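Hi,

Here is the structure I promised to pass on.

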Amino acid sequence: MAGLPYRVVVNPEKCLGCGECVRACAFGVLEIVDDIAYAVRPDDCRGCGDCVNACQQKAIEVVLVG
């Protein structure tokens with residue numbers, strides 16, 4: 001189901017590009033691009049927060065949109 005009202009927001013100033021968030025996301029929302037995590041499939045986000053919990057730098061948040 002696409003188009004859920006959640007979005008992953010990555011703070012590029014804090015992101016180290018370690019990939020822990022990518023591995024934690026069961027929905028394939030995140031990828032490392034040029035050493036920074038990006039939500040490359042934002043419509044697949046389910047808002048579970050696994051990526052947030054995996055990020056030791058606290059560079060990620062999941063927000064409710066709409």
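This is a predicted model: local features need pLDDT of at least 70, side-chain atom pairs count only at pLDDT 80 or more; totals for chains, interfaces and linings use all residues.

R23 is exposed, at 58% relative accessibility (buried means under 20% relative accessible area, exposed over 50%, partly exposed in between, with a 1.4 Å probe and protein chains only). Its side chain meets that of E20 in a salt bridge, 2.8 Å from N to O; the term stands for a side-chain nitrogen of Lys or Arg within 4 Å of a carboxyl oxygen of Asp or Glu. E20 is partly exposed at 38%. Helices (H or I, at least four residues) and strands (E, at least two) are DSSP runs, numbered from the N terminus.

Residues are numbered from 1 along each chain as its sequence is written, and side-chain values use heavy atoms, with hydrogens and water left out.

How many salt bridges does a search of the whole structure find? It finds 3. One of them joins D43 to R7, with the closest N and O atoms 2.8 Å apart. That pair links distant parts of the chain, since D43 is in the loop between β3 and α2 and R7 is in strand β1 (residues 6-10), 36 residues apart. D43 is partly exposed at 36%, and R7 is partly exposed at 25%.

Then there is R41 with E31, at 3.0 Å from N to O. R41 lies in the loop between β3 and α2 and E31 in strand β2, so this pair ties together parts 10 residues apart in sequence.

E31 also has Y38 in β3 as its bridge partner. β2 and β3 pair in the antiparallel sense over 4 bridges (strands pair if DSSP finds at least two bridges between them). They form a hairpin with 2 residues between them, and D34 in the turn has a positive phi of about 50°. D34 is exposed, at 73%.

K58 is not a glycine either, yet has a positive phi of about 55°. You'll find K58 in the loop between α2 (50-54) and β4 (60-64), exposed at 65%.

Cheers
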